Amino acid sequence: MNRRKMSLSLIMGTIFLMFPLLAGAEESICIACHNDVTPGIVKDFLSGAMGKSGMDCSDCHGSEHKTANDSSRVQLPTEKTCQKCHEIQVEQYMSGKHSLGWIALTAMPETGFQPHAYIQGLKGCGGCHKIGVRDEKTKAEGRYGSPCDSCHTRHKFSKEEANSPQACRTCHMGFDHPQWEMWSSSKHGVIYSTEGDTGRAPKCQTCHMVEGDHRVMTAWGFLALRLPEEDEEWMGYRTTILKGLHILDPEGNPTPRLDVVKAGKVARLSKEEWQAERDSMLDVCANCHSKSYARRNLKNGDEMIKEADKLMAEAIEIVADLYERGLIKPQEGKAAYPDLLAFYGAVTPIEQTLYVMFLEHRMRAFQGAFHMNPDYTTWYGLAELNKDLVEIKAEAERMIRESERK
Ligand code: HEC
Ligand code: HEC
Ligand code: HEC
Ligand code: HEC
Ligand code: HEC
Ligand code: HEC
Ligand code: HEC
Ligand code: HEC
């Protein structure tokens with residue numbers, strides 16, 4: 001071996017020895033041990049942008065836990081952990097609806113009676129609402145649940161995954177908010193599924209996370225309770241619905257639930273607030289359609305809410321009358337009025353029908369309209385609302401007849 005070759009192999013050897021140090025992350029004690037303990041996690045992490053950039057497990061989980069027996073000392077990351085390096089995304093997230101997901105959940109009257117596994121254990125409501133910031137009390141009750149891995153799942157934390165509409169699917173589906181089903185079978189979704197992500201048709205992120213903005217918020221929101229309402233006829237229906245939500249008491253005065261509505265940004269509470277969200281949505285449509293076309297379409301969506309509210313108000317009043325007649329007794333501590341937010345905790349069959357009418361069928365009537373899905377608006381929405389009303393009328397008449405016979 002000549003001198004030149006020897007020094008070359010020396011250099012190579014040194015580089016080889018240094019490699020683990022240069023690769024940084026690969027040599028951390030966390031990764032060394034977790035290669036055996038949780039190989040899938042290590043593989044995922046190293047395949048993502050953060051792993052490739054040389055970050056280590058300890059950047060998010062701390063370094064308190066070092067052996068196989070002290071893993072209870074590990075830190076479980078929250079949005080604050082990510083904030084250290086991703087200030088912009090966390091700020092946007094905090095100003096939008098997703099960060100409020102846990103507030104909405106725990107404000108529900110029935111949440112307190114649900115099984116632990118269902119809320120804190122993330123098996124039911126908690127499994128989706130963990131996208132919101134969890135308060136300290138909740139964290140003490142349930143070890144796991146962090147918001148930022150809701151769309152870019154750990155430990156790859158991929159931007160590409162979060163950018164696919166499938167990232168929204170687990171939560172925005174099913175009974176009361178089938179946006180996945182509505183969008184994916186609309187013309188927008190069908191173009192996406194036949195042509196792929198070409199940008200010709202919009203996906204969820206195109207309309208709701210413009211340019212990667214982590215602040216999600218719509219004009220109407222989930223419950224579609226705009227205030228103030230200039231259309232007097234419509235305001236009449238809305239007042240009845242607000243009573244049904246116990247945001248107003250039966251006499252029409254605000255209750256403490258109004259504070260929850262404010263804290264959870266459940267409704268837009270000024271004309272300007274509502275209009276600002278509507279205008280930014282119209283700007284999105286205008287990338288591909290004329291503004292007039294888009295405006296007319298969204299206006300027709302608004303009209304569907306009014307249609308649904310009319311049927312809803314009639315149904316609520318029928319059930320409220322049964323309370324007035326004493327045929328339904330109020331639950332302890334509650335006003336003598338049906339409570340739509342009791343959900344499936346409602347104790348009479350007629351109130352079960354009423355809550356399904358509200359949460360499933362009313363939602364579908366307008367959500368379908370906003371997601372260009374005539375089938376949802378018609379057969380899963382308006383048609384069902386009419387059917388519910390017929391059933392509620394018949395059941396109320398039966399209850400009244402029965403009471404008169406006694
Ligand atoms: C000597 C081996 C070893 C080392 C070193 C090690 N861990 Fe662990 N770690 C474990 C074991 C074992 C568990 C428990 C696995 C289980 O519950 O099945 C664990 C659990 C965890 C958990 C999950 C805790 C939970 O409650 O689910 C995290 C997060 C974690 N380790 C991160 C780290 C980080 C970060 C480091 C480096 C600072 C590290 N580990 C170093 C062995 C190790
Ligand atoms: C960018 C931040 C980040 C980094 C870096 C990170 N994790 Fe995590 N890890 C998380 C988050 C977020 C959770 C979910 C916490 C929760 O549910 O409360 C988590 C949860 C875990 C869990 C428990 C959940 C499960 O699926 O078993 C283990 C184990 C774990 N991490 C191991 C690791 C290991 C090993 C590394 C390094 C290879 C690592 N983490 C690096 C953010 C991170
Ligand atoms: C110590 C700083 C640090 C922390 C803490 C941190 N990140 Fe990162 N993150 C980075 C860096 C640096 C990159 C850019 C890596 C690159 O592109 O080379 C990155 C990139 C990302 C990306 C883009 C990935 C891609 O596919 O391009 C996502 C998503 C992300 N981080 C999410 C998170 C989440 C969620 C948390 C909290 C659980 C978190 N990060 C915590 C430093 C951090
Ligand atoms: C499959 C995931 C999932 C489950 C399970 C789930 N939710 Fe939700 N929840 C959502 C989504 C998504 C929204 C927003 C829907 C929308 O705006 O159309 C939402 C909205 C809400 C809202 C309205 C928030 C607002 O500000 O308008 C309340 C209240 C609520 N959920 C309570 C509950 C309760 C209570 C449970 C359990 C009985 C539950 N959720 C179960 C995903 C879920
Ligand atoms: C509702 C889904 C969703 C949630 C929840 C979410 N993200 Fe994202 N995130 C996305 C999408 C979509 C993108 C891709 C944006 C793009 O390509 O413009 C993204 C991209 C990112 C990026 C890469 C930005 C860039 O331009 O490279 C970072 C960093 C990030 N998110 C951090 C976070 C943090 C921190 C949280 C928790 C507060 C979080 N994300 C929660 C959907 C989400
Ligand atoms: C073409 C744009 C567009 C696409 C694509 C889109 N949405 Fe929407 N979305 C809207 C409009 C418009 C509204 C109603 C806005 C308003 O209140 O004025 C809305 C409302 C919502 C709401 C509030 C409740 C409701 O349904 O009215 C949620 C939640 C939502 N969309 C989620 C999604 C998800 C998840 C996807 C993908 C599966 C998606 N959207 C795809 C335009 C879109
Ligand atoms: C882990 C579950 C989860 C995932 C994943 C998720 N969301 Fe949500 N989303 C929710 C919940 C819960 C709410 C209601 C938050 C609240 O109570 O304020 C919500 C609310 C919204 C709203 C606000 C509706 C309003 O009231 O104005 C929009 C828009 C939205 N999500 C869009 C998306 C999009 C787009 C994606 C995918 C990129 C996505 N979400 C992914 C659970 C999720
Ligand atoms: C990225 C481009 C793009 C955006 C953004 C977009 N659309 Fe579309 N839209 C299309 C394409 C392409 C079609 C199919 C061709 C057509 O019918 O115009 C379509 C179809 C439609 C249709 C006809 C559906 C049917 O069943 O025939 C309506 C209504 C519609 N869009 C409304 C909207 C509204 C309202 C918005 C904003 C909330 C919007 N679009 C945003 C590209 C877009």
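**Aromatic rings in a predicted model**

Modeller: Let's start with helix 13 (residues 179-184) of this predicted model. Trp180 and Trp183 are three residues apart in helix 13, so about one helical turn separates them.

Biologist: How many aromatic pairs does the structure hold?

Modeller: The structure holds eight aromatic pairs. In the pair of Trp180 and Trp183, the ring centres are 5.6 Å apart and the planes stand at 55°.

Biologist: Why is the pair of Trp180 and Trp183 called tilted?

Modeller: Good one! Planes under 30 degrees apart would count as stacked and over 60 as edge-to-face. The planes of Trp180 and Trp183 are at 55°, so the pair is tilted. Both tryptophans, Trp180 and Trp183, are buried.

Biologist: What makes Phe343 and Tyr355 a pair?

Modeller: Ring centres must lie within 6.5 Å, and those of Phe343 and Tyr355 are 6.3 Å apart. Their planes are at 35°, so this pair is tilted. Phe343 sits in the loop between helix 19 (291-324) and helix 20 (349-370), while Tyr355 belongs to helix 20, so the pair ties together parts 12 residues apart in sequence.

Biologist: Why is Tyr355 called buried, and why is Phe343 called partly exposed?

Modeller: Buried means under 20% relative accessible area, and exposed means over 50%. Tyr355 has 9%, so Tyr355 is buried. Phe343 has 22%, so Phe343 counts as partly exposed. Together with Phe175, Phe343 and Tyr355 form one aromatic cluster.

Biologist: Which residue lies over the face of Trp274?

Modeller: That is Arg226, at 4.5 Å from the ring centre of Trp274. Likewise, Arg238 lies over the face of Trp234, at 5.0 Å from the ring centre.

Notes: Residues numbered from 1 in each chain as written. Chains lettered and ligands numbered in written order. Predicted model: local features only at pLDDT ≥ 70, side-chain atom pairs only at ≥ 80, totals over all residues. Heavy atoms only, no water. Phe/Tyr/Trp six-rings, centres within 6.5 Å; stacked < 30°, edge-to-face > 60°. Helix = DSSP H or I, 4+ residues; strand = E, 2+ residues; numbered from the N terminus. Buried < 20%, exposed > 50% of the residue type's maximum accessible area, 1.4 Å probe, protein only. Lys NZ or Arg CZ within 6 Å of the ring centre and 35° of its normal.
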